[in-house]
Amino acid sequence: MPERPLAVAMSGGVDSSVVAGMLQARGENVIGLTMQLWNQRRLPEIQSDKSTGRCCSLDDVYDARAVAQHLGIPYYVVNFERDFEDQVVRPFVDEYLAGRTPIPCTLCNNFIKFDRFLDMAEGVGADRIATGHYAQIRWNPDSGRWEMLRSVDRTKDQTYFLFGLKQDQLARSMFPLGRMEKSAVRELARELGIPTATKPDSQEICFVPNGDYAGFIDAYFREQGIAPREVAGELVTAAGQVIGEHAGVHHFTVGQRRGLRVAAGEPLYVISTDSASRRVTVGRDQELLSDRAHASGVNWISIAAPTEPVRAEVKIRNKHAAAPATLLPTSVADRVEIRFDQAQRAVTPGQGAVFYSDNLVLGGGWIE
Amino acid sequence: MLPVMTEVYGNASSIHYFGQTARKMLDASRMQVAALLRADSQEIVFTSGGTEADNLAIFGLTGGTGGHVITTTFEHPAVLAAAGQLDHTLVPVDGRGIVDPDRIQSALRPETKVISVMHANNEVGTIQPIAEIARIAAEAGVALHSDGVQAAGKIPVSVADLGVELYSISGHKIGAPKGIGVLYVRKGTALQPRTFGGRHERERRAGTENVAGAVALGRAAQWIAENGDAENRRQGVLRDRLEQSILDRIPDTRVNGAGAARVPNTTNIRFDGIDSDALLIALDLKGFAVSSGAACSSGAPEPSHVLLAMGLNRLEARSSIRFSLGRSNTVEQVDALVDALVDSVTHLRKLAPSYA
């Protein structure tokens, strides 16, 4: 048996199963660990019939265990439900109520997968962890830094959600799928005889079925015995004219068009939300454009924190095509001003702003 | 077991020769199990295991009419979840893991139908004052059930001395396979069946008997009758050695349930500053199978409800490990386990920010 084991985070899906299989084939001493993060039987009123594509359903644990048995590797389930609720679910709910649009996957990466899980792996004797993320990590001896790069399969790239990883986390993590096309991963799954080879990819946020965030938040409050807050408010124009009412700021995100339920001569979009006044400002599409933004809580990955302006391509949401911009350091150490070359549509508070130089991930922060 | 599954293939309820052979073996086993509990063989009802025995006891006495159940906060889920279906009172246990009979007394209500208190706790091994509780139950005219799954075979059991109406045991805890158990039902106890069908087990449990399992359970009972005392003494010495070595060699450790009478094969130890999940996995990777709280449906451990009931906080409960010894364990294994524990606990504490 090789000296130190390597822990693979197994979700029961194809990607992490292939990671376990390929590392084992490479002669690594692989152990499989599944994180139990959320009890899918909670909030039954928002459950849908389809249980696939969500993490932590019993089916997923059975799948992960079946893969581990197929490979003949030690396998354990570790329970991080409490940490997940404290560090991911509650901040997610709070952010929505504060009128922002959060990314729970990034919080989960920062505080659960590459923190709690990494600690657990180390605790049981593993040197490193491997996950099924599509991203690349490499050591740059010249800069003395761990760098992150977009995955070879650009359609699967997950670096947008990984901007919070620190150097010591990258040093202990492996993303073996970063250099592979998804089709090759599926092919390898079949070659390895992995029982979940044909399982569909997961979608959406794992603990929110059907992507109904507002419904989740309402159900979570009912479960917690928190009285429905006074969240209803007014829809107003930029000029302050009241043109309608709404059921709570957490139903809206910047750039949203659906669900406004106001009649107007031209399409209206959410321009901004304000939790204090409970006002949702709506306007025309062009009012969504802005040529600058601020990011706070910035984490630098492939380069050290710059002291001079830096040119970069900045991605402001997962499906956004990164836009050329200049990053300006501010008087606050982890805060950056972003000046886009061309105004961008719907720069949304709470989302990440991730800085790229071609395929290299320079770093990223949270849009204010 | 093997001949029963191959040559003696008869149904014990059949009248023909093959059935009679099976019946003979079943009844011989029934006598062996009865001897283990100092009971009469007619009082032995074979079940599919401890959970079914516990459920049969509780629902068999409350029947369709409902009624109130008294049990304790640190019972096995087979009792807790069954009582949870009915009007029930949970009596707390003290920090040593012992239930106070007076608390049972004060929980009594006119509509109380059954009191259920485990004989020995499954996680900490503490032995409960069943005979005292039996006197309270008898005075109140309420039936007493005891889950003896962790006690039978490990300490001498006499259902008459204990004064219980009902007593559960499980095959795989005493050397028989999984899938067989027993409910002792004292003669004259008005127990209603909970499965309906044929007139098996004196109309207390419908369903074709698991002859192979029952025969194995009888054999296990017989083995205990012949070797139990010596074996339990041997395991007790091993357990004490394990416990003392851990306390001596690893600082900031304590025994949960210390100070109470315990079954000889179990110890539950708290290692301050460590996460029991990580320790459990680290030990398993080194070839030592231990456990922490009860496993939930996904297999992810939850903090033990037993330790929480004994007054430990969540962090303390999550840093506790249960060690159970068996017939195959040796002194060498115990010493190797302690060495592995020293390494793993030292490693985990180095990583724990909270442990200074």
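How many residues does the contact take from chain A and from chain B? The contact takes 16 residues from chain A and 14 from chain B, two residues being in contact if their C-beta atoms, placed from the backbone, lie within 7 Å. This is a predicted model, in which local features need pLDDT of at least 70, side-chain atom pairs count only at pLDDT 80 or more, and totals for chains, interfaces and linings use all residues. Residues are numbered from 1 along each chain as its sequence is written, while chains are lettered from A and ligands numbered from 1 in the order in which they are written.

**Between the chains**

- On the side of chain A that touches chain B, at least two residues each come from β2 (30-36), α2 (58-71), β3 (75-79) and α4 (104-123) of chain A.
- Helices (H or I, at least four residues) and strands (E, at least two) are DSSP runs, numbered from the N terminus.
- This side of chain A has ten nonpolar, four polar and two charged residues.
- Ala, Val, Leu, Ile, Met, Phe, Trp, Tyr, Cys and Pro count as nonpolar, Asp, Glu, Lys and Arg as charged, and the others, Gly among them, as polar.

**Within chain B**

- Chain B has domain 1 (2-224) and domain 2 (228-351), with bounds from an automatic or database domain assignment.
- Taken over C-alpha atoms, the centres of these two domains of chain B are 28 Å apart.
- Their contact takes 22 residues from domain 1 of chain B and 21 residues from domain 2 of chain B.

**Within chain A**

- Chain A is divided into domain 1 (6-133 + 175-211), domain 2 (230-283) and domain 3 (290-367).
- Six residues of domain 1 of chain A are in contact with five residues of domain 3 of chain A.
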